[in-house]
Amino acid sequence: MNPTMSSTPHVEPFFFDSEPGTRFSLYHAPNAQVAARGAILYVHPFAEELNKSRRMAALQARAFAAMGFAVLQIDLFGCGDSCGDFSAARWELWRRDLGVAHQWLTKRNGGPVHLWGLRLGGLLALDYACTTQVAGIILWQPYLSGRTCINQFLRLRMAAYMLDEDPAMEQLAAGGNAALRAELTARGTIEVAGYEVSAELVRSIDAIDAANLRLPPCTVHWFACGAPATEKLAAAAQRLAACWAPGGVALHYHPVAGAPFWSTAEIAECPALLAATCAVFARESK
């Protein structure tokens, strides 16, 4: 199957009523000409990675819909076109958003629901799945540690400091992440690449580690592309598979060649990732 095939899928934009405010969502109706295969809930990545990955998420959502899946994309609170400031975003609020979206998707379509998370969205999907039965989880280049995500995010601020000729800014840059975390603690928020993030959200993200999560029995497909090297990620996947196996979780690792579209300067695509994801789910349908 060609994941970028042109068709006339039905895509329905709408807003959820979810306290506080509303959440922008896109519903991709399943192809009526093939057997219904359940539903997929997309969990987007953190900060600017959400915008950089919208093209890839749309292409894969259309491909899933063509295969017979109903797909729901939701902008979490404070993100994208949903209400709220990013500074007011909280991990538990994002989990509740997923709960509302999951319930809506189940009522709309019935059948099993898969979670599909990209980058930090993968870690959020895993955390959410610990308290909710799902048919399976799709991970695109996931973070396994929330602290790693935040450290990489803060490096964007350090890069901006290093370009500033102000000696005070240079001193902060020299202090590295520790200095930025101290600034965050003192102020309660910190602005990074146009996103003001709260100390409370950072603490919640820091505390999440995939190895400590206890998932219900399910199948997890981890697709890896871009950096770090897929060999390094394969070793991490093997350790995580061993950690989760006693609980009935089957983790499958799929290395894919392609650009890190979530962080490229221009909007980019990774056709190999689309093809690999579709191929796995085409095999599972047989």
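How many nonpolar, polar and charged residues does the lining of the largest cavity have? By class, this lining has six nonpolar, four polar and two charged residues. Here Ala, Val, Leu, Ile, Met, Phe, Trp, Tyr, Cys and Pro count as nonpolar, Asp, Glu, Lys and Arg as charged, and the others, Gly among them, as polar.

The structure is a predicted model, in which local features need pLDDT of at least 70 and side-chain atom pairs count only at pLDDT 80 or more, while totals for chains, interfaces and linings use all residues. Residues are numbered from 1 along each chain as its sequence is written, and side-chain values use heavy atoms, with hydrogens and water left out.

**The sheet**

Helices (H or I, at least four residues) and strands (E, at least two) are DSSP runs, numbered from the N terminus. Two strands pair if DSSP finds at least two bridges between them. Eight strands form an open sheet with mixed pairing, in the order E1-E2-E4-E3-E5-E6-E9-E10. The edges are strand E1 (11-17) and strand E10 (249-255); each has a single partner strand, so one side of each is left without a neighbour in the sheet. On average, and with direction ignored, neighbouring strands of this sheet are turned by 20 degrees against each other. For such angles, axes are lines fitted to C-alpha atoms, for helices over the stretch in contact, and the angles run from 0 to 180 degrees between N-to-C directions.

Strand E3 (residues 39-43) and strand E5 (residues 113-118) run parallel and are joined by five bridges. Isoleucine 40 has histidine 114 as its bridge partner in E5. Helix H10 (residues 271-284) packs on the sheet, where H10 touches E5, strand E6 (136-140), strand E9 (218-224) and E10. Contact means heavy atoms within 4.5 Å. The direction of H10 makes about 155 degrees with that of E9.

E9 runs parallel to E6, and five bridges join the two. With E10, E9 pairs in the parallel sense over seven bridges. Valine 220 takes part in both pairings: valine 220 is the bridge partner of isoleucine 137, and leucine 251 is the partner of valine 220 in E10. E9 is mostly covered, with six of its seven residues buried. Buried means under 20% relative accessible area, exposed over 50%, and partly exposed in between (1.4 Å probe, protein chains only).

Histidine 221 is found in E9. Is histidine 221 buried or exposed? Histidine 221 counts as buried because its relative accessibility is 6%. Leaving aside neighbours within four places in sequence, histidine 221 is in contact with Ile137, Ile138, Leu139, His252, His254, Val280, Phe281 and Glu284.

Arginine 96, in helix H3 (residues 91-109), is exposed, with a relative accessible area of 52%. Its C-alpha atom is separated by 8.9 Å from that of tyrosine 128, which is 32 residues apart along the chain.

Rolling a probe the size of a water molecule over the atoms shows where empty space is left. On a 1 Å grid over the protein atoms alone, a cavity is a set of points where a 1.4 Å probe fits but cannot get out, and a pocket is an open set with protein on both sides within 12 Å along at least five of seven lines; lining residues have an atom within 4 Å of a point. Grid points are joined across faces, edges and corners, and a volume is the space filled by probe spheres set on the points. In the whole structure, a search finds two cavities of 30 Å³ or more.

| Space | Volume | Largest share of the lining |
|---|---|---|
| Largest cavity | about 90 Å³ | E2, three residues |
| Second largest cavity | about 60 Å³ | helix H4 (residues 120-129), three residues |
| Largest pocket | about 830 Å³ | H9, six residues |

Strand E2 (22-28), helix H2 (54-66) and strand E4 (70-74) each supply at least two residues of the lining of the largest cavity. Among the residues of this lining are Phe24, Tyr42, Arg54 and Asp75. The lining of the second largest cavity includes His44, Trp94 and Leu124, and by class has seven nonpolar, two polar and no charged residues.

The largest pocket is lined by 33 residues, of which Arg119, Tyr143, Thr148, Cys149 and Gln152 are the closest to its centre. Helix H1 (48-52), helix H5 (146-163) and helix H9 (230-244) are the elements that give two or more residues to this lining. By class, the lining of the largest pocket divides into 21 nonpolar, five polar and seven charged residues.
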